[in-house]
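Biologist: I'm new to reading protein models. Could you walk me through a few features?

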Amino acid sequence: MQNGYFRLVNDSEGFGIAFYHPSGYGEEIQMGEVTDYLEDMKIGYDRARVEKDLNLEEDVVCHLGPDDCPVCPESYHLEESQDGMMVTVRFYPPSQTGERMSLNAFLQDMQLRNITRGIQMKALQEHFQSEGRFCTDIIVAKGKAPVEGTDARIEYYFDTDMHRRPAQKDDGRVDYFNLSTINHCHKGDVLAKIIPEQKGEMGYDVYGRDIKPREVKRGVLKFGRNIELSEDKLSITSLVDGHVALQDEKVIVSAVYTVQNVDVSTGNINYEGSVEVAGNVSENFEVRAGGNVVVNGLVEGAKIIAGGNIIIGKGMNGMGGKGYLRAGGDVIVKFLENVRVVTGGYVETEAILHCRVSAGSEVRVDGRKGLIVGGYVQAAKKVMAKTIGGSMGAATILEVGVNPLLKSQYTHMQKALADTTKTVKDAEVILENFKDKLKKGFKYNESQLKYMKSIMALVEDKSAEIEQLNMRLDKLRTMMEIQKMAEVVINDQIYPGTTIIIGEATKTIQAEFHYCKFIKEAGEVRMAPL
């Protein structure tokens, strides 16, 4: 395969330009390239005649003038990419009376253009040591892109999902007895490992300038008590039997305190780790835990406060409103009746009867009953149930799209970011003054230099803190954006008398509706199909 090309030659009446058509799948000769060449060589021509002869199918010579063929050496057109990573050349053959260019002459031209690196000698030799590859793009210099490295990553050897849901049986019931929401661990278990970062390789452009790969991020294992860091600082191991969780990118291991029942035999329980109750929690008793609380039986009129999740296998009766659950994570319970619930995560249950519930994400009332009757149920994102309200007209209020905790956290983060940014800017002014004086020859004593080093360390630490604050603000913004899509989903029936609040819009249901959802649209609560 060869591209079509042209050449100045003698003809019977003087000289002309010969057109040699391509072979195989080569490119056709371009009229613009012919005219540019003739104008560069200052050779007059009849455009219409040249174009006519060029369009003939056979190789021809288009007559240009009565004189002898001009002496034109081999020439070229060179293009350099804007990013400096590639140089392409199109060579044009010498006239019949001209001479070929040498490889050394071309390389010297490249040198004058400061093109010094990534020279494609094989391609150049193929051109100069043969009859030539004319009117063809030839890559004659090529930079090398940097090889990007990989950031360090952390592999966790336990399930890091803090919001796993209980399994649902074939008949629609939720399995509250075989929950797998706690990651048990044993002494000596490896909990996490750092896969170290891989540094990249330097690249370069055709002008010899180095191109650095991006900086790779190192990995750091964050962990709490009951955990041991390996000597190479690449892995962590549990020092106790207990349960492991990931909270704010920090690995936490809590020992599990186990009791049969919480009643007069145990009294109230206050434990920094997790608590597991094999049986029941009796009325008026209290369980407090820094980790999870798991009750395999029933809770009656008690108070349970957990830093993690609360899981109650057989449900909870608040006994006239005395029952109270507060969880930093999720609440998973068979049923809730006359209970006040506050959770940072979701609530999952089969029935909510005359309760006051506030969830940081969702309230899902599913399973065989899937019933919400009476009370006040609030969630940041979604409330979903089969049946809401009752035929007896029990006042039921559902509110979604509001999470005061998130808003408070966001405001606090914004203030912290503003304060930290001001600290960095003030420190940078001090450093700039220091550098200016240093350039002017001012000599600092040892105490002053030590102070400047402390200022530089402060800027570095606070800059890292600003990066972390921005990341946390982004996460909070994302979570708050999700709230704008809040909804109430009815998988069967909603009764009249139910009030739905989405953000600042309120609607009291006046008729029965089936299989629908309620969303906020144009400032109003409106019904939409599932």
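Here we talk about a helix pair, a sheet and a loop.

Modeller: Quick ground rules: this is a predicted model, where local features need pLDDT of at least 70, side-chain atom pairs count only at pLDDT 80 or more, and totals for chains, interfaces and linings use all residues. Residues are numbered from 1 along each chain as its sequence is written, and side-chain values use heavy atoms, with hydrogens and water left out.

Biologist: At what angle do helix 3 and helix 4 pack?

Modeller: Helices (H or I, at least four residues) and strands (E, at least two) are DSSP runs, numbered from the N terminus. Axes are lines fitted to C-alpha atoms, for helices over the stretch in contact, and angles run from 0 to 180 degrees between N-to-C directions. Here, helix 3 (residues 103-112) meets helix 4 (residues 121-128) at about 135°, with the axes 10 Å apart.

Biologist: Which residues of helix 3 and helix 4 make the contact?

Modeller: Contact means heavy atoms within 4.5 Å. Helix 3 brings L103, F106 and L107, while helix 4 brings M121, L124, Q125 and F128.

Biologist: And the sheet: in what order do the 3 strands come?

Modeller: Two strands pair if DSSP finds at least two bridges between them. The order is 8-14-15 in an open sheet, with antiparallel pairing. Strand 8 (183-185) and strand 15 (250-254) are at the edges with a single partner strand each, so one side of each has no neighbour in the sheet. From one strand to the next, the twist averages 40°. Strand 14 (residues 242-247) pairs with strand 15 over 5 bridges, and A245 has I252 as its bridge partner.

Biologist: Where is P146 found?

Modeller: Look in the loop between strand 6 (137-142) and strand 7 (153-156). Leaving out residues up to four places away in sequence, P146 touches E201, M202, G203, I211, K212 and P213.
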